[in-house]
Amino acid sequence: PVLLVAQSHDLVVSRRRRGGGGGEGAEASGELRRNSGRGRGAQLRYSMDSMGCQMNTADAERMEGQLRSLGFARAEEGTPAQVVVLNTCSIREHAEAKVYSYLGPHAARKRAGEDLAIVVAGCVAQQEGEALLRRVPEIDMVMGPQYANRLGDLLEGVFNGNQIVATAPTHIMEDPTQPQRSSTVCAWVNVIYGCNERCTYCVVPTTRGSEQSRPRDAVRAEIEALVAEGYREVTLLGQNIDSWGSDLSPKQSFADLLRDVGGVDGLARMRFVTSHPRYMSPRVIDAVAEVPALCPMFHIPFQSGDDGILRDMGRGHTAARYREIVHNIRTRLPDAAITADAIVGFPGETEEQFENTLQLMRDVRFDQINTAAYSPRPHTPAAVWGDQVEEGVKKERLRRINELAAEHALERRQRYLGRVEEVLVEKRNERHPAQVKGRNPQGCPVFFEGDIDELKGQLVPVRIVEARPYSLVGERAEGRFAGGRYADDGESVVVEA
């Protein structure tokens with residue numbers, strides 16, 4: 001029988017498993033049920049694999065924090081985990097196939113009699129729901145992104161022998177547990193969940209639900225706590241971040257939020273993503289120009305440079321409006337970085353319309369563009385249109401747009417050559433351990449020689465000596481390599497002048 005379990009005014013479908021041990025649908029119980037909880041029994045371990053965007057990364061950190069609060073430790077590579085969490089992304093084609101491929105070995109472990117809980121979270125989980133259980137009955141829980149901060153509560157149901165599907169709409173509550181953050185220097189902070197737009201190609205409104213703004217006091221309190229812990233940089237996250245506050249009572253503006261939380265004492269840097277051209281306000285540009293902690297960079301997807309395609313996409317703006325936004329930014333902040341997203345091969349896109357996209361790129365000269373060939377996504381209007389572009393045409397257009405994007409990225413990075421940039425050091429360069437990696441205020445990765453133990457979390461003056469399409473190489477302004485240069489061989493080898 002199917003059991004409906006109430007979870008704070010929304011419904012979570014739950015099915016009581018039959019029996020135990022191995023075999024199809026074997027329940028996650030036994031050792032897990034006896035030992036879940038801090039300080040009881042043997043040390044249990046979890047694995048967390050996350051796909052996709054920054055929002056997913058932030059969700060994964062919150063889920064890890066809850067697992068830690070339950071007493072679980074992260075499984076080292078090669079060590080079996082008793083709770084396996086896959087945080088999924090549905091934005092690209094074949095996303096579902098990747099999920100099933102990933103789950104195969106873990107389902108096999110369960111069929112062999114191992115005691116583990118398998119959790120599928122994120123956007124594919126929200127999109128597929130109970131269909132995941134029918135395809136892989138060994139899964140213990142399917143949960144949409146709106147439940148990321150309730151993983152601990154829902155796992156209790158799993159440990160009691162239930163199979164759970166948590167995909168119902170819900171109000172996203174504040175999470176009292178501490179996220180297990182992947183960095184000790186930079187942190188993600190969600191300010192608004194969901195998206196109210198209805199772009200005809202996009203699955204996000206279906207998988208992440210309607211917009212829900214976090215209260216300003218909660219956002220500020222989280223940032224103050226991060227600064228107190230030693231974090232230097234915060235990135236505010238939202239699928240449509242300029243809409244923050246429109247659902248609060250009384251309504252508030254994103255520009256006011258930036259001025260408030262950007263003024264937290266001790267915060268070195270703040271960034272934010274993602275802006276929508278329909279809602280991008282001159283007040284936001286003014287805030288970035290006037291608040292010292294706010295970095296001069298804007299991520300504003302344009303998706304297409306053709307008004308007809310933009311109309312079919314349901315974007316709610318024109319190419320002219322986008323150019324106006326860029327003009328406003330560069331008038332106020334001439335050195336700001338502008339990055340974007342673009343889609344090629346949208347249904348019905350002609351060669352002329354694609355050329356309009358390339359022309360917009362030539363007019364703007366983006367610092368970086370994330371590009372993708374259109375792929376039909378479930379539950380989106382464009383997926384069933386009859387004028388789909390041939391795969392070969394999409395691939396060729398993707399090649400051309402990437403080529404032009406790389407050309408412009410390299411061109412834009414030439415302005416840094418010879419300049420001393422302030423670089424916030426984040427980590428060691430894994431490919432070249434003598435180097436550290438950080439970013440300048442515009443968000444461009446910078447590599448230079450240095451001791452990570454000395455420099456991590458520090459703002460370091462670095463003279464830029466080499467510009468690549470998507471990164472910079474430099475030397476400490478007061479360092480011993482002043483006057484040298486880096487060989488242009490992709491290996492960042494110092495050559496004395």
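**Stop 1**

Start by selecting helix α12 (residues 319-332) together with α13: the two pack with their axes 11 Å apart, at an angle of about 10°. Axes here are lines fitted to C-alpha atoms, for helices over the stretch in contact, and angles run from 0 to 180 degrees between N-to-C directions. Helices (H or I, at least four residues) and strands (E, at least two) are DSSP runs, numbered from the N terminus.

A word on what you're looking at: this is a predicted model, where local features need pLDDT of at least 70 and side-chain atom pairs count only at pLDDT 80 or more, while totals for chains, interfaces and linings use all residues. Residues are numbered from 1 along each chain as its sequence is written, and side-chain values use heavy atoms, with hydrogens and water left out.

Now show side chains. From α12, Tyr322, Arg323, Val326 and Arg330 meet Gln359, Leu360, Asp363 and Val364 of α13; contact means heavy atoms within 4.5 Å. By class, that contact has four nonpolar, one polar and three charged residues. Ala, Val, Leu, Ile, Met, Phe, Trp, Tyr, Cys and Pro count as nonpolar, Asp, Glu, Lys and Arg as charged, and the others, Gly among them, as polar.

On the α13 side, pick Glu351, Phe354, Glu355, Thr357, Leu358, Met361 and Arg362; on the α14 side, Arg397, Arg400, Ile401, Leu404, Ala405 and His408. The contact of α13 with α14 divides into six nonpolar, two polar and five charged residues.

**Stop 2: the cores**

Next, select Ile223, Leu236, Phe272 and Phe298, the residues with the most contacts inside the largest nonpolar core, which has 53 residues. Such a core is a set of buried Ala, Val, Leu, Ile, Met, Phe, Trp, Tyr and Cys residues joined through side-chain atoms within 4.5 Å. Buried means under 20% relative accessible area, exposed over 50%, partly exposed in between (1.4 Å probe, protein chains only). Beyond four places in sequence, Ile223 touches Val189, Val234, Leu236, Val261, Val264, Leu267 and Met270. A second, separate core of 25 residues includes Tyr46, Ala60, Val85 and Leu154.

Leu154 is one of the buried residues of α6, along with Leu151, Gly152, Leu155, Gly157, Val158 and Phe159. Seven of the nine residues of this helix (residues 151-159) are buried, so α6 is largely enclosed by the rest of the structure. Just after α6, look for Gly161, with a positive phi of about 95°.

**Stop 3: single residues**

Jump to Ser213, in strand β11 (residues 212-213). Ser213 is buried, with a relative accessible area of 11%. Outside four places in sequence, its contacts are Val191, Ile192, Ser243, Trp244, Gly245, Ser246, Asp247 and Leu248.

Arg109 sits in helix α3 (residues 95-111), and at 17% relative accessibility, Arg109 counts as buried. Not counting residues up to four places away, Arg109 touches Pro80, Ala81, Val84, Glu114 and Leu116.

Last, the cysteines: how many disulfides are there? The count is zero, with a disulfide taken as a pair of cysteine sulfur atoms within 2.5 Å. For Cys295, the nearest cysteine sulfur, that of Cys186, is 9.5 Å away. Cys295 counts as buried at 3% relative accessibility, and Cys444 counts as buried at 4%.
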